[in-house]
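Notebook open. I want to go through this model piece by piece and write down what I look up.

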Amino acid sequence: MKFTIEYPVAAPGYDKALASAEGMARLSRAADALGFDAIAFTEHPAPSYKWLRTGGHESLDLVAALSFCAAHTERIRLMTYLLVVPYHHPLIAAKALTTLDLLSDGRLAVVVGTGYLRSEFLALGLAMEDRNEIFDEALEMMKGAWTQLPYAFKGKHFEARGVASVPQPRQMGGPPIVIGGNSALSRRRAARHQGWSPLMSTPEVSRTTRTPSLATVAQLAAQVREVRERAVEEQGEGTELFIQVQSPQCKYMRDPGSVEEHRDHLGELEAAGIDSFVLQPSGESVEAVVAGMEQYADHFLS
């Protein structure tokens with residue numbers, strides 16, 4: 001099992017030192033040295049104040065933060081978790097991600113989603129009702145820009161004629177695209193790309209994030225099998241997908257419980273076909289987060 005650390009500026013009441021250069025450098029170097037697979041940032045460029053006051057969370061710019069982490073690490077992957085594709089023009093996004101992939105020597109992984117905050121779409125001047133159309137066109141355009149020279153595209157929302165998006169990414173074909181979300185549509189998309197990143201959650205969280213509830217490991221296992229089988233149909237024999245999940249136990253580092261129960265949970269996820277598990281550390285302080293990662297690594301990464 002691999003483990004992704006979601007950077008704790010999303011933690012309630014986090015220590016502002018975590019958003020400083022010194023704090024981020026310290027934490028990212030520790031995650032790299034301890035053997036965690038990836039460090040991840042989420043994005044909310046324009047959330048409503050109401051959402052922040054009723055359970056929402058702060059965020060940093062994805063590419064800027066991951067670029068900073070890349071400069072202070074050697075091995076760990078840099079992950080968008082997740083990039084809200086409809087918020088970005090695909091060619092601008094492709095250029096930013098290409099730059100990060102090049103400067104990190106090919107360590108970028110791009111988890112993507114359609115977004116769920118209506119107020120944020122409104123603030124950005126976007127029609128939320130169009131997000132699925134925009135998402136599919138944008139991903140096609142990003143992949144095309146990463147692989148074709150010159151590149152042309154004509155869709156409902158975007159158009160390009162003879163574009164030269166150079167230099168191209170360090171990873172051949174572009175960084176892996178992993179689809180976030182629990183819906184059947186998300187699973188179909190995942191089978192056409194490089195992976196799937198669902199969220200095991202309560203019905204309340206599912207309603208907030210506008211994605212179907214995924215409550216049990218048995219349900220998760222069935223859907224993982226479905227995605228992997230569909231990927232072979234879509235992409236051919238030998239196709240491998242990266243499957244990452246976040247479950248209610250993602251907060252184990254904030255409030256450690258039974259080591260045995262958590263290890264059993266990880267074992268069940270692994271048996272269900274999961275490759276990586278998302279962890280959300282506390283935001284208590286830089287040193288507290290590092291100490292929590294060290295303790296977690298001692299118990300579960302060895």
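This is a predicted model: local features need pLDDT of at least 70, side-chain atom pairs count only at pLDDT 80 or more; totals for chains, interfaces and linings use all residues.

**Loops and backbone**

I started at proline 150, which lies in the loop between α6 and β5 (151-154). Leucine 149 and proline 150 are joined by a cis peptide bond, with omega about -5 degrees.

I then looked up another cis bond. Valine 166 and proline 167 are joined this way, and omega is about 0 degrees. I placed proline 167 in the loop between β6 (159-163) and β7 (177-180).

Next I checked phi at aspartate 105. The value is near 60 degrees, positive in a residue other than glycine. Aspartate 105 sits in the loop between α4 and β4 (108-113). Is aspartate 105 buried or exposed? Aspartate 105 is exposed, because its relative accessible area is 52%.

**Two buried loop residues**

I looked for threonine 42 and found it in the loop between β2 (38-41) and α2 (49-53). Threonine 42 has 15% relative accessibility, so it counts as buried. I listed its contacts beyond four places in sequence: Glu6, His57, Ser59, Leu60, Leu62, Tyr81 and Leu82. I also took the C-alpha to C-alpha distance from threonine 42 to tyrosine 7. The two are 8.3 Å apart in space and 35 residues apart in sequence.

Serine 247 came next. I found it in the loop between β9 (242-245) and α10 (259-271). Its relative accessibility is 1%, so serine 247 counts as buried. Not counting residues up to four places away in sequence, serine 247 touches Met200, His265 and Phe277.

**Cysteines**

How many disulfides does the structure hold? I found 0. Cysteine 69 is in no disulfide, and the nearest cysteine sulfur, that of cysteine 250, is 19 Å away. I checked burial for both. Cysteine 69 is buried, with a relative accessible area of 0%. Cysteine 250 is buried too, at 2%.

**Nonpolar cores**

I turned to the largest nonpolar core and noted 75 residues. Those with the most contacts inside it are Phe36, Val112, Leu220, Met293 and Tyr296. Helix α6 (residues 131-147) gives the most to this core, with 8 residues. Another core lies apart from it, with 9 residues, among them Ala40, Met79, Val111 and Val178.

I followed up tyrosine 296. Leaving aside neighbours within four places in sequence, its contacts are Phe3, Phe36, Tyr252, Met253, His262, Leu266, Phe277, Leu279 and Leu301.

**Helix pairs**

I took α3 (residues 62-71) and α4 (residues 90-103) as a pair. Their axes come within 10 Å and cross at roughly 10 degrees. α3 and α4 are therefore roughly parallel to each other. At the contact, Val63, Leu66, Ser67 and Ala70 of α3 meet Ala96, Leu97 and Leu100 of α4.

I then looked at α7 (residues 184-192) and α9 (residues 217-235). Their axes come within 7 Å and cross at roughly 45 degrees. How do α7 and α9 lie to each other? They are oblique. The crossing of α7 and α9 is right-handed. From α7, the contact is made by Arg187, Arg188, Ala190, Ala191 and Arg192. From α9, I noted Gln223, Glu226, Val227, Arg230, Ala231, Glu234 and Gln235.

Technical notes
Residues are numbered from 1 along each chain as its sequence is written. Side-chain values use heavy atoms; hydrogens and water are left out. A nonpolar core is a set of buried Ala, Val, Leu, Ile, Met, Phe, Trp, Tyr and Cys residues joined through side-chain atoms within 4.5 Å. Buried means under 20% relative accessible area, exposed over 50%, partly exposed in between (1.4 Å probe, protein chains only). Helices (H or I, at least four residues) and strands (E, at least two) are DSSP runs, numbered from the N terminus. Contact means heavy atoms within 4.5 Å. A disulfide is a pair of cysteine sulfur atoms within 2.5 Å. Axes are lines fitted to C-alpha atoms, for helices over the stretch in contact, and angles run from 0 to 180 degrees between N-to-C directions. Angles under 35 degrees count as roughly parallel, over 145 as roughly antiparallel, 65 to 115 as roughly perpendicular and the rest as oblique. A crossing is left-handed if the near helix is turned anticlockwise from the far one by less than a right angle, and right-handed if clockwise.
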